[in-house]
Every structure is written in structure tokens, then in C-alpha cells.
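This report goes through selected local features of one protein model. Please keep the sequence and the coordinates at hand while reading.

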Amino acid sequence: MGAELFAQLDLLRDLPLIAAYAAAGATVAGLAGALVLAAVRRRSVAVAFTVLIAVTVGSLLAGTLSVAWAMFLSGHDLAVVVTVGAVSAVTASGAALLLGRWVTGAHRALERAARGLGGGGGFTPPTVPMPAELTSLARCLAQTDARLTESRQRERALEASRRELVAWISHDLRTPLAGLRAMAEALEDGVAEDPARYQRQIRSEVERLSDMVGDLFELSRIQAGALALAPSRLSVYDLISDAIAGADPLARESGVRLTDAGVERVPVEVDGREMTRVLANLLVNAIRHTPADGTVAVAATRDGHGSVVLSVTDGCGGIATDELPRVFDTGWRGTDARTPPGGAGLGLAIVRGIVEAHAGRAEVRNVPGGCRFEVTLPAA
């Protein structure tokens with residue numbers, strides 16, 4: 001019993017010395033391994049894994065050998081320690097190589113899949129098993145590819161809208177300008193039978209061209225983000241009343257009835273001038289596409305989400321389902337039946353731009369006998 005106690009006391013006294021020798025040996029091996037890792041930091045991860053395992057086993061073996069040398073172990077015991085360390089190093093290095101090959105294989109598969117990213121080929125995540133980090137990276141790449149695809153589609157749609165707008169504007173400018181030139185030459189040559197009628201026609205065409213230029217200027221301000229709003233607290237009832245009063249002459253001329261389908265006195269925080277233009281564009285659009293003896297209904301209600309919904313329902317007969325998503329696109333005119341006389345397809349694009357500038361949204365959907373345009377605005 002006393003011998004065991006003295007042995008334990010000797011071990012306690014020798015522990016600091018053993019720790020010092022082990023730390024010295026492990027430190028030397030660790031520094032050498034750090035230099036090797038720095039040298040291979042640009043190589044494959046499999047090489048780095050192998051070096052790391054070798055450093056770990058080497059540090060353990062170096063510390064053990066230092067302690068064995070200091071404690072004067074027998075040759076047999078030293079050979080056992082070295083053999084166990086060598087076998088462990090070989091086994092660990094093999095496992096590191098297998099792990100490295102798995103990671104590099106997953107990396108190559110991800111690299112091949114990522115080559116089509118942004119080039120129109122699309123990105124399909126690899127089906128091979130991958131570490132969690134590479135799986136997360138593949139998921140992020142898939143989301144990025146989806147955003148790029150959406151951006152490309154939006155860019156193509158915008159480019160198509162621009163080309164369509166340029167074509168329509170060119171057509172709409174060429175026709176009245178040719179008429180203006182012919183009437184001006186007739187007046188100049190004195191061959192006009194009714195100069196007063198020619199002058200009225202010239203004035204009408206000039207006003208139409210002026211409205212078209214004004215729409216183009218307004219749309220350019222909206223698309224450039226230069227639309228300066230001066231919001232104030234207004235009643236929806238007052239806005240709709242003013243818009244109906246302004247559109248009533250056109251409705252009478254076209255034989256269309258303007259009706260109130262229920263307008264609540266809900267306050268909104270909007271730019272009165274710009275929102276009046278929105279309602280005017282929607283009413284003029286509805287009147288032009290509603291046949292004589294038809295009805296255009298205007299309504300304003302509060303929905304269940306605290307927003308105000310302004311709606312204009314016409315009797316146009318409806319819009320083709322495949323054309324509904326394009327109704328608010330710049331330059332869109334749709335079928336010949338919905339082509340406004342002399343319009344450039346800018347009115348509804350201006351409506352959407354102004355509404356979105358007010359943090360709202362503009363939508364359209366078919367209803368029995370026609371379609372309904374809805375403008376959703378946050379309530380004051």
C-alpha cells in the first residue's frame with residue numbers, strides 16, 4: 001500500500017515535466033505542419049486534409065517520443081509506441097484522402113453545374129452527395145439563377161415593349177404630321193375650300209400631338225424615378241367626383257353612362273393631381289372601350305387589410321386571358337377592338353407608375369360583360 005502511494009506521488013511530481021516534454025515535441029511537429037499547410041494552401045483540399053492528419057498524428061507521436069526519451073523507456077516500449085503511431089498515421093491519412101476525394105468530387109460536380117449560370121443554360125444542382133456547406137452554396141446558386149432568369153425575362157419584355165412603343169409612336173406621329181402638312185400646303189396655296197375647317201382640324205391634331213408628347217414626358221419621369229409627389233390627406237369621394245365630372249362630356253358624346261357603384265368616404269394620403277390623372281386615364285380608357293348605351297361603374301371601398309380599393313368597371317366584353325398580364329405594359333394596345341383612336345398605349349402604363357409611386361398596386365381582371373381595373377392604395 002505504501003509503495004503504491006509513493007508511486008502516485010512520484011507520478012504527480014513528474015506530470016509537469018512530462019507535459020513540458022510532450023508540449024515541446026508537439027510544438028515542433030505543429031510548427032513544421034503549419035509551414036507545410038502554408039505551402040500547400042493553394043492545392044486541393046484532399047492534400048490539406050492529408051497534411052492536417054499527418055500533423056495531428058505527428059504531433060502526438062513527437063510528444064510521445066519526447067516523453068519516452070526523457071523517461072528512458074526501454075527499446076521494446078519505444079518500438080511499440082512508434083509502431084502504434086505509424087499505424088495510426090497510415091489509417092488516418094487514408095481516411096483523410098477518402099474524405100478529400102469526396103469533397104473535391106462534390107466540388108467538381110458543383111463547378112460543372114455552375115458553368116451554365118448566367119449564360120442562359122440554367123443551373124441544376126448536382127445530385128451527388130455534398131457537404132452541408134456545398135449544399136448551401138448550391139441552394140444559393142439556384143436562387144441566384146432563378147433571379148437572373150427572371151431578370152432576363154423582364155429585360156426581354158421591356159425591350160419588346162420599347163420596340164412596340166417606338167413602332168406605335170412612329171405610326172401615330174407619321175399620320176397626323178402628313179395630314180398637317182397637306183392641310184398647311186392647301187392653305188398656303190389657297191386651294192382650301194373651307195379654310196376655317198382646315199384650321200380647326202389643324203388645331204385638333206396639334207392638341208392630340210401635344211397630349212401624346214405630354215404622356216411621353218410623364219412616362220419618362222416615372223421610369224426615371226423623377227416623379228415628385230406632394231401627398232396630402234384627401235377623401236376618395238372627392239377624387240372620384242372630380243374625375244367623373246371631368247370625364248362626363250366624353251361619356252355623353254360616346255353615349256356611355258357613368259354610374260356610382262358605391263363610393264365610401266375614406267381618407268387617403270395621395271398626390272391629388274397625380275391621382276386625378278390616374279382616375280381620368282382609367283375612365284377615358286373604360287369609356288372608349290364601352291359600346292354606346294353601355295355603363296362604366298366607379299366604386300371605392302375599404303378592404304379587409306386596411307387598404308382602399310378604387311375600381312372602374314367597363315363593358316368592353318373582356319380581355320383575352322393571355323393579354324391580361326400585359327395590359328399595363330408600356331406601348332401595349334392589345335387587339336384592334338381595344339385600340340384607342342390615336343392612343344399610344346401609354347395611359348395604363350402611367351397609371352401603374354403613379355400608383356406604384358404611392359406604394360400601391362394596379363390590377364385588372366375580367367368580369368361578366370367587361371373588365372374591372374382596380375387601384376389599391378394604403379389608407380390614411
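In which helix does glycine 58 lie? Glycine 58 is part of helix H2, residues 45-71; helices (H or I, at least four residues) and strands (E, at least two) are DSSP runs, numbered from the N terminus. The model is predicted, and local features need pLDDT of at least 70, side-chain atom pairs count only at pLDDT 80 or more, and totals for chains, interfaces and linings use all residues. Residues are numbered from 1 along each chain as its sequence is written, and side-chain values use heavy atoms, with hydrogens and water left out.

Glycine 58 is partly exposed at 24% relative accessibility. In this report buried means under 20% relative accessible area, exposed over 50%, and partly exposed in between (1.4 Å probe, protein chains only). The C-alpha atoms of glycine 58 and glycine 33 are 8.6 Å apart, with the two glycines 25 residues apart in sequence.

**Charge on the helices**

A patch of positive charge on the surface brings together Arg101, Arg108, Arg112 and Arg115. Patches are made of residues with over 30% relative accessible area and no salt bridge, like charges being joined within 9 Å and nonpolar side chains (Val, Leu, Ile, Met, Phe, Trp, Tyr) within 5 Å. Lys and Arg count as positive and Asp and Glu as negative, while His and the chain ends are not counted. The place of a charge is taken as NZ of Lys, CZ of Arg, CG of Asp or CD of Glu. Arginine 112 is exposed, at a relative accessible area of 52%.

The structure has six salt bridges, a salt bridge being a side-chain nitrogen of Lys or Arg within 4 Å of a carboxyl oxygen of Asp or Glu.

| Pair | N to O distance |
|---|---|
| Arginine 203 and glutamate 207 | 3.4 Å |
| Glutamate 205 and arginine 208 | 2.9 Å |
| Glutamate 374 and arginine 365 | 2.9 Å |

Arginine 203 and glutamate 207 are four residues apart in helix H5 (residues 195-223), so about one helical turn separates them. Arginine 203 is exposed at 57% relative accessibility, whereas glutamate 207 is partly exposed at 42%. Glutamate 205 and arginine 208 are three residues apart in helix H5, so they too are separated by about one helical turn. Glutamate 205 is partly exposed, with a relative accessible area of 22%, and arginine 208 is partly exposed at 28%.

How many residues of strand E7 are buried? Seven of the nine residues in strand E7 (370-378) are buried, and the strand is mostly covered. E7 pairs with strand E5 (residues 307-313) in the antiparallel sense over seven bridges; two strands pair if DSSP finds at least two bridges between them. In this pairing valine 309 is opposite threonine 376 of E7.

Strand E6 (residues 361-367) is also joined to E7 in the antiparallel sense, by seven bridges. Here alanine 362 faces valine 375 of E7 as its opposite residue. The hairpin of E6 and E7 has two residues between the strands, and glycine 369 takes a positive phi near 90° there.

The salt bridge of glutamate 374 with arginine 365 was listed above, at 2.9 Å between the closest N and O atoms. Glutamate 374 is buried, at a relative accessible area of 15%, while arginine 365 is partly exposed at 38% relative accessibility. In a regular strand the side chains alternate between the two faces of the sheet.

**Loops and a further strand**

Which residues other than glycine have a positive phi? Aspartate 293 has one of about 70°, and alanine 359 has one near 65°. Aspartate 293 sits in the loop between helix H7 (272-288) and strand E4 (295-302), where aspartate 293 is exposed at a relative accessible area of 61%. Alanine 359 is in the loop between helix H8 (347-357) and E6, and alanine 359 is exposed at 63%.

Aspartate 260 is in strand E2, residues 257-263. Aspartate 260 is partly exposed, with a relative accessible area of 48%. Its C-alpha atom is separated by 9.3 Å from that of isoleucine 240, 20 residues apart along the chain.

Key:
Accessible areas come from the Shrake-Rupley method with a 1.4 Å probe; for residues, only the protein chains shown count as cover.
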